[in-house]
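Below are my notes on the model you sent. They go from overall dimensions to individual residues.

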Amino acid sequence: MATIKDIAKLAGVSSASVSRILNNDMSLNVPLETRQKVFDAAKQLGYVKKKRKFDETVMTIGIIQWLSPIQETEDPYYLSIRQGVEEFCFQNKIVIKRAFRTDIDYLASLEGIEGLVCIGKYSHKDMDIFKKICPNLIFLDMNIDPIHECSIVLDFKNAMKCVIDYLVSFQHKSIGYLGGKEYTDSELYPDVRKKYFIRFCEENNIKYQPYIKEDAFSIESGFTMMNNLIQAQQVPSAIFAASDPIAIGALRALHQNGMKVPQDVSIIGFDNIDTANYTSPPLTTIFAPTFDMGYMGARMLFDAFKRNENISPVRIQLPCFLIERESCTKRD
């Protein structure tokens, strides 16, 4: 009988990769061609997947991702959260049921779960529906006020204070904000980073009003927003981008218009995605512990499950940190 090692040898990949591909682990970052090689090798060798025998006490966790699969690949922020959830589940032999909110009849795939991880932003109507599906649930990256469900969020307030203090230490007097817009149903979900950006700019007598732009959390929108500032001849000495993809788009717009970073414009991103270390220049950014957020959320559900309890309403804030690279410099 063919084994995973046989498939790995024929396909030219590791046994671990074969196992994850055959288990449809979409968080594994490999080309589609590699996945197909593994499936073809398994078919050629006549591999039959064994059914795992789970103990009755093994938990099943559902994961709802508020983005579509395509949007998730374009936004590493939410992908990283889901990967954190799944890593804890893999380590603890927890069964996973995934659902994207854009799927047709996505709620049907969540039957029989003992815990539910909700990634992203949801309306009160959505929250009520999820509560009926599984009372043991947690919301990741959604601030619930007043606190009536369990949630894990980032400490955006101190992250923005860190950004402004850092740029002020470099004697910047004008700072721009390139943000993204997110919606729960048709309502705009407020990004508190903008609120704190404005507060800390005003406390430090920083000019910011002409330099605020908001669009999508994407490279394309970062490019467009920065281009709009350049064409309007309203370019501040520094830019804060609410995501690294936005910052990368802004970097390209600045380069394309003959402006040097950081000599002409300093720029700070948010997320600390892998690509940020390989931009030109390498991007100074805020590290957002999104993977840890997902990992912790799954662990909290699992702990409640083992106690035969539902998770308690609480809000947990995780700290963010400045990663200093080469995209910021002191203003002359």
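1. Helices (H or I, at least four residues) and strands (E, at least two) are DSSP runs, numbered from the N terminus. On that basis the protein has eleven helices and 14 strands. This is a predicted model, in which local features need pLDDT of at least 70, side-chain atom pairs count only at pLDDT 80 or more, and totals for chains, interfaces and linings use all residues. Residues are numbered from 1 along each chain as its sequence is written, and side-chain values use heavy atoms, with hydrogens and water left out.

2. Along the principal axes, the C-alpha atoms fill a box of roughly 70 × 50 × 30 Å.

3. Of the 332 residues, 49% are buried (under 20% relative accessible area; exposed is over 50%, partly exposed in between; 1.4 Å probe, protein chains only). Taking contact as heavy atoms within 4.5 Å, 70% of the contacts between residues at least 6 apart in sequence join residues at least 24 apart.

4. Lysine 93 lies in the loop between α5 (76-91) and β2 (95-100). Its phi is near 55°, a positive value in a residue other than glycine, and lysine 93 is exposed at 56% relative accessible area. Asparagine 308, in the loop between α11 (290-306) and β13 (315-318), also has a positive phi, near 60°. Its relative accessible area is 73%, so asparagine 308 is exposed. Most residues other than glycine have a negative phi, and most peptide bonds are trans.

5. Where are the cis peptide bonds to proline listed here? One runs from aspartate 145 to proline 146, with omega near 0°; proline 146 is in the loop between β4 (137-140) and β5 (150-154). Another joins serine 280 and proline 281, with omega about 0°, and proline 281 is in the loop between β11 (266-271) and β12 (284-287).

6. The structure holds zero disulfides (a disulfide being a pair of cysteine sulfur atoms within 2.5 Å). For cysteine 118, the nearest cysteine sulfur is that of cysteine 134, 8.9 Å away; cysteine 118 is buried, with a relative accessible area of 0%. For cysteine 320, the nearest is that of cysteine 162, at 9.3 Å. Cysteine 320 counts as buried at 15% relative accessibility.
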